[in-house]
Amino acid sequence: MKAPRVTDPAVLVAREVPRELALDPREVGTIIDAAERDAVRDGISGRERTPFLLRRLALATGARSLDANIALLARNASLAAEIAGELG
């Protein structure tokens, strides 16, 4: 098998979830594992899978995961704007 050819190199940059909104990784793992099992059982796959998992995570955490994801989105958008500004 041939290795894919890289034509457009990229760099991934991201900020962390704010500490006060961060969830316990073990809690998240337990919730996601259960949701994955339910998705398989219920035949949820493809593009329906991610919304299903996020919805289950939000329900199980009392929307704390949603708050963390929104904060992360805002922080990364701010970082993207800073980088774009520096690149001119």
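Trainee: Which residue follows α3, and what is its phi?
Mentor: G88 follows α3. Its phi is positive, near 75°. Keep in mind that this is a predicted model.

Trainee: What about the residue just after α2?
Mentor: That is G62. Its phi is positive too, about 65°.

Trainee: How do you know that the length of α3 agrees with its number of residues?
Mentor: Helix α3 covers residues 64–87, which makes 24 residues. At 1.5 Å a residue, they should span 34 Å. The end C-alpha atoms of α3 are 35 Å apart, so the two values agree.

Trainee: How does α2 do in that test?
Mentor: Its twelve residues should span 16 Å. The end C-alpha atoms of α2 are 16 Å apart, so α2 agrees as well.

Trainee: Why is D38 called buried?
Mentor: The cut-off is under 20% relative accessible area. D38 has 17%, so D38 counts as buried. This residue lies in helix α1.

Trainee: What is D38 in contact with, leaving aside neighbours within four places in sequence?
Mentor: F52 and R56. With those neighbours left aside again, A35 is in contact with F52, L53 and R56.

Trainee: Which residues form the largest nonpolar core?
Mentor: There are five: A35, A39, I44, F52 and L53. The elements that give two or more residues to this core are α1 and α2.

Trainee: What makes those five residues a core?
Mentor: A nonpolar core needs buried nonpolar residues joined through side-chain atoms within 4.5 Å. A35, A39, I44, F52 and L53 make up such a set, so they are called a core.

Trainee: Which residues of α2 are buried, and what do they pack against?
Mentor: F52, L53, L57 and A58 are buried. The buried residues of α2 pack against α1 and α3.

Trainee: And which residues of α3 are buried?
Mentor: S65, A68, A71 and L79. The buried residues of α3 pack against α2.

Technical notes
Residues numbered from 1 in each chain as written. Predicted model: local features only at pLDDT ≥ 70, side-chain atom pairs only at ≥ 80, totals over all residues. Heavy atoms only, no water. Helix = DSSP H or I, 4+ residues; strand = E, 2+ residues; numbered from the N terminus. Expected span 1.5 Å × (residues − 1). Buried < 20%, exposed > 50% of the residue type's maximum accessible area, 1.4 Å probe, protein only. Contact = heavy atoms within 4.5 Å.
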